[in-house]
Amino acid sequence: MIPRISVSTLLAASLSAALMIVPVETDAQPRLKDVVTLQGVHSTPLIGYGLVAGLNKTGDRRQTLFSAQSLANMLQKLGVVVPPGEVKIENVAAVLVTAELVPFARPGARIDVTVSSVGDARSLQGGTLLATALRGPDGTIFALAQGPLSLGGFAGGKGGNSVQVNHLTAGRVPGGGLVQTASRVQMTPSREIVLALHDPDFVSARRVAEAVNAELRAEVARVTDSASVLVEVPESYQNAVPDLMARIEPLPVQVDEAARVVLNERTGTVVVGSQVRLAAAAVAHGNLSVRITTHYDVSQPAPLSKQGQTVVVPQERVEVDEGDAKLVALEEGATLLEVVRALNALGATPRDIIAIMQALKAAGALKAELVII
């Protein structure tokens, strides 16, 4: 039997595409490990300053003073003394390197790092990150990062004849960070542990507690607030908390979803949650476009005229076009699929949908939280 694909019932529309959705029924439930984390066990953010070398004249220019100073300092440590003002740095760029040190990481483990330009480099394409120390919030060096950059894009050509794909001043070095100091997160014997929910919700917290109690066959888990569940560790697991977590993490938990609509006007993206409902409403939407064009005519005097002058006369033309609007009725309690069908019937683009959703919210017909990012 082929398992059905688990997808969220949501809408993601591009700038030029119409609203489309394919509903897929699913019985799959997220695991407990996907919705909670063990309180006190968290990643540590790391940051460092370094240099990327090997660029093709797309690095920092002379006005970025700290790049030249950093390169001169590094060369001095290697036995080459060069005044910073004499260094030409077209093939070098100053960067900030960031990473996340996962809990329980041990020396020798590798982590992914992200490299971002801090100067005026035009591209990091083809560059190699030189050895960079990554420090934690307290200044401790936890890892060293080095390696070739992966940008996921490219650029070619010069001046007006050029092409660029994706962003070129930030990239990643997969596995480029080598852990030097063990993570300070430790698991100690405990009588209680706290499960912290990723998305605080009282209903979800209660379901997490019920799942843990059913697995351990005892009332050991209880909800303390919408974001945490307190678990009393059974006596047999008090010296083996990792074994307890390994037992309860795979448990299926049906979390409750908030009714939410997310709009991004910069990209024209609309995402509608599966719990969104509408009150009875009628929607009509039309596009109004105004186009102003200017055509230049040349007026010349009569032949052999001594007083006339040749002048350029602008001729402006204004065109107003209002698209046809269709009125669509939405029934009480309309579901996501019904909303999608109605908006498709209107022929609405993502930009139109953003305006429609805001109008429905203002009218009180949209029973969901409207989030604009």
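So, Thr 58: it's buried, at a relative accessible area of 17%, where buried means under 20%, exposed over 50% and partly exposed in between, with a 1.4 Å probe and protein chains only. Thr 58 sits in the loop between strand 2 (44-53) and helix 2 (65-77). Helices here are DSSP runs of H or I with at least four residues, strands are runs of E with at least two, and both are numbered from the N terminus. Leaving aside neighbours within four places in sequence, Thr 58 is in contact with Glu 90, Ala 121, Arg 122 and Ser 123, contact being heavy atoms within 4.5 Å.

Quick caveats. This is a predicted model, so local features need pLDDT of at least 70 and side-chain atom pairs count only at pLDDT 80 or more, while totals for chains, interfaces and linings use all residues. Residues are numbered from 1 along each chain as its sequence is written, and side-chain values use heavy atoms, with hydrogens and water left out.

How confident is it, then? pLDDT is the predictor's confidence in each residue, from 0 to 100, and the protein averages 80, with 82% of the residues at 70 or above, that is, at least 70. Strand 6 (residues 141-148) has the highest mean at 95, and strand 17 (residues 288-299) the lowest at 65. Over residues 1-26, pLDDT stays under 50. Where pLDDT is low, the predicted coordinates should not be read in detail.

Now the overall picture. We've got 6 helices and 21 strands, and 32% of the 373 residues count as buried. Of the contacts with a separation of 6 or more, 71% are between residues 24 or more positions apart.

The whole structure has 8 of them, each being a side-chain nitrogen of Lys or Arg within 4 Å of a carboxyl oxygen of Asp or Glu. One of them joins Asp 120 and Arg 61, at 3.7 Å, N to O. Asp 120 lies in the loop between strand 4 (110-117) and strand 5 (128-135), and Arg 61 in the loop between strand 2 and helix 2, so the pair ties together parts 59 residues apart in sequence. Asp 120 is buried at 18%, whereas Arg 61 is partly exposed at 38%.

Glu 210 and Arg 206 make another salt bridge, at 2.8 Å, N to O. Those two are 4 residues apart in helix 3, so about one helical turn separates them. Both are partly exposed: Glu 210 at 42% and Arg 206 at 41%.

Glu 210 also brings us to Arg 222, which is 12 residues away in sequence and 8.3 Å away in space, C-alpha to C-alpha. Arg 222 is in strand 11 (residues 221-225) and is partly exposed at 43%. Its side chain has a polar contact of 3.2 Å with the side chain of Glu 232. By polar contact I mean a pair of N or O atoms within 3.5 Å; within protein, one must be able to donate a hydrogen and the other to accept it, and residues adjacent in sequence count only if both atoms are side-chain atoms.

Last stop, helix 4 (residues 241-248). Which residues of helix 4 are buried? Val 241, Leu 244, Met 245 and Ile 248. They cover an arc of only 100° around the axis, so they sit on the same side of helix 4; the arc is that of the directions from the helix axis to the C-beta atoms. These buried residues pack against helix 1 (32-35), strand 1 (36-38), strand 10 (192-197) and helix 3 (202-216).
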